[in-house]
Amino acid sequence: MVHTSLDVVDEKISAMGKALVDQRELYLGLLYPTEDYKVYGYVTNSKVKFVMVVDSSNTALRDNEIRSMFRKLHNSYTDVMCNPFYNPGDRIQSRAFDSTVTSMMIQVC
């Protein structure tokens, strides 16, 4: 499901073309709905892709809340990347990042 969603992300990015360059961030919205799950996507200006899988039975989440969660995740990810002691490509071992992700998971559940 996630691999299929990444294909949809690539299709949407290529369809946007030059418009993607002008935007600071790109919320892709719902990528791949199934009977059990909904998959949402987000791409940063540096082409980092975030995918969020949400239970379809959770009708309390609105599109603007999903967008807000992606922004929060993006900000936390940026904080990790800006850490001078982080080596790009290494596993992320940040308590702040972990707590952000955990708080988002609790909010969704």
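First, the ground rules. Residues are numbered from 1 along each chain as its sequence is written, and side-chain values use heavy atoms, with hydrogens and water left out. Because the model is predicted, local features need pLDDT of at least 70 and side-chain atom pairs count only at pLDDT 80 or more, while totals for chains, interfaces and linings use all residues.

How confident is the predictor? The score is pLDDT, the predictor's confidence in each residue, from 0 to 100. The mean for the protein is 85, and 90% of its residues reach 70 or more. Among the elements, helix α3 has the highest mean, 93. Helix α2, residues 18-22, has the lowest, 56. Helices (H or I, at least four residues) and strands (E, at least two) are DSSP runs, numbered from the N terminus.

Now the rings. How many aromatic pairs does a search of the whole structure find? Four. Rings of Phe, Tyr and Trp (its six-membered ring) pair if their centres lie within 6.5 Å; planes under 30 degrees apart are stacked, over 60 edge-to-face, and the rest tilted.

Take tyrosine 27 and phenylalanine 70. Their ring centres are 6.0 Å apart and their planes sit at 55°, so this pair is tilted. Tyrosine 27 is in strand β1 (residues 25-33) and phenylalanine 70 in helix α3 (residues 63-81), so the pair ties together parts 43 residues apart in sequence. Are these two buried or exposed? Buried means under 20% relative accessible area, exposed over 50%, partly exposed in between (1.4 Å probe, protein chains only). Tyrosine 27 is buried at 13%. Phenylalanine 70 is buried at 0%.

Next, tyrosine 42 and phenylalanine 50. Their centres are also 6.0 Å apart, with planes at 40°, so this pair is tilted. Tyrosine 42 is buried at 0%, and phenylalanine 50 is buried at 9%. Ring pairs link Tyr27, Tyr42, Phe50, Phe70 and Tyr77 into a cluster.

Now lysine 47. Its phi is near 70°, a positive value in a residue other than glycine. Lysine 47 is in the loop between β2 (37-44) and β3. With 45% relative accessible area, lysine 47 is partly exposed.

Last, valine 53. Strand β3 (residues 49-55) holds valine 53. At 39% relative accessibility, valine 53 is partly exposed. Together with Met1, Val2 and Tyr37, Val53 forms a nonpolar patch on the surface.

Terms used:
Patches are made of residues with over 30% relative accessible area and no salt bridge: like charges are joined within 9 Å, nonpolar side chains (Val, Leu, Ile, Met, Phe, Trp, Tyr) within 5 Å. Accessible areas come from the Shrake-Rupley method with a 1.4 Å probe; for residues, only the protein chains shown count as cover. A salt bridge is a side-chain nitrogen of Lys or Arg within 4 Å of a carboxyl oxygen of Asp or Glu.
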